[in-house]
Amino acid sequence: DIVEIAKKEFAALNKAGFKEVLTKITQAADSKKEKTEEVKAPPKKVVTFAIAGIDILELENAVQELWKNNIYSESGMGCTGPIVLVNDEDADKAKEVLVKKEYLG
């Protein structure tokens with residue numbers, strides 16, 4: 001009777017507002033996609049300073065955000081997880097940008 005159980009469960013979900021939640025999530029994702037713009041990288045620099053603690057799913061977005069702020073950066077994988085690499089001179093400014101944009105806590 002798996003079909004009957006599934007029908008009851010989906011009826012309960014729909015009664016609880018499940019479709020509205022899915023609609024909100026979908027709309028938010030769509031609006032985020034529309035805002036995506038291509039960002040050109042600033043001039044390359046030697047990147048040796050590693051910033052850890054950024055979610056792997058947001059790593060490339062964090063790099064793009066730094067580029068928007070004219071900070072050259074690259075993504076990478078450190079010993080303990082994902083990292084953003086920047087030039088030593090840009091480290092403090094990069095951390096400020098990443099905290100402000102909520103990529104870092």
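Helices (H or I, at least four residues) and strands (E, at least two) are DSSP runs, numbered from the N terminus.

**Ground rules.** I am working with a predicted model, where local features need pLDDT of at least 70, side-chain atom pairs count only at pLDDT 80 or more, and totals for chains, interfaces and linings use all residues. Residues are numbered from 1 along each chain as its sequence is written, and side-chain values use heavy atoms, with hydrogens and water left out.

**Entry: the nonpolar patch.** I looked at helix 1 (2-15) and helix 2 (18-35) and found that each supplies at least two residues of a nonpolar patch. Its members are Phe10, Leu13, Phe18, Val21, Leu22 and Ile25, on the surface, with about 530 Å² of accessible area together. My note on the terms: a patch takes residues with over 30% relative accessible area and no salt bridge, joining like charges within 9 Å and nonpolar side chains (Val, Leu, Ile, Met, Phe, Trp, Tyr) within 5 Å. A salt bridge is a side-chain nitrogen of Lys or Arg within 4 Å of a carboxyl oxygen of Asp or Glu. The areas are Shrake-Rupley values with a 1.4 Å probe, and for residues only the protein chains shown count as cover.

Which helix gives the largest share of the patch? Helix 2 does, with 4 residues. I then checked leucine 22, which lies in helix 2. Leucine 22 counts as partly exposed because its relative accessibility is 40%; the classes are buried under 20% relative accessible area, exposed over 50%, and partly exposed in between (1.4 Å probe, protein chains only).

Entry: Next I traced an open sheet of 3 strands, in the order 1-3-2 with antiparallel pairing. Strand 1 (49-52) and strand 2 (73-77) stand at the edges with a single partner strand each, so one side of each has no neighbour in the sheet. Neighbouring strands are turned by 35° against each other on average, direction ignored. Two strands pair if DSSP finds at least two bridges between them.

I went through the pairs one by one. Strand 1 and strand 3 (residues 82-86) are antiparallel over 4 bridges. In this pairing alanine 52 has isoleucine 83 of strand 3 as its bridge partner, and isoleucine 51 stands opposite valine 84. Strand 2 and strand 3 are antiparallel over 5 bridges, with glycine 76 opposite isoleucine 83. Their hairpin has 4 residues between the strands, and glycine 81 there takes a positive phi near 145°.

How many residues of strand 3 are buried? I get 5 of its 5. Pro82, Val84 and Val86 point one way, while Ile83 and Leu85 point the other. A reminder to myself: in a regular strand the side chains alternate between the two faces of the sheet.

**Entry: helix 3.** What covers the buried residues of helix 3? The cover includes strand 2, strand 3 and helix 4, and the buried residues are Leu59, Ala62, Val63, Glu65, Leu66 and Trp67. Beyond its neighbours within four places in sequence, glutamate 65 is in contact (heavy atoms within 4.5 Å) with Val97, Lys101 and Tyr103. Just after helix 3, asparagine 70 takes a positive phi of about 60°.

**Entry: serine 73.** Serine 73 sits in strand 2. Is serine 73 buried or exposed? At 0% relative accessibility, serine 73 counts as buried. Not counting residues up to four places away in sequence, serine 73 touches Val63, Leu66, Trp67, Val84, Leu85 and Val86.

**Entry: lysine 95.** My last stop was lysine 95, in helix 4 (residues 91-100). Lysine 95 counts as partly exposed because its relative accessibility is 34%. Leaving aside neighbours within four places in sequence, lysine 95 is in contact with Phe49, Ile51 and Leu104. I also looked up how lysine 95 and isoleucine 51 sit in the chain: they are 44 residues apart along it, and their C-alpha atoms are separated by 7.6 Å.

How values were computed:
Axes are lines fitted to C-alpha atoms, for helices over the stretch in contact, and angles run from 0 to 180 degrees between N-to-C directions.
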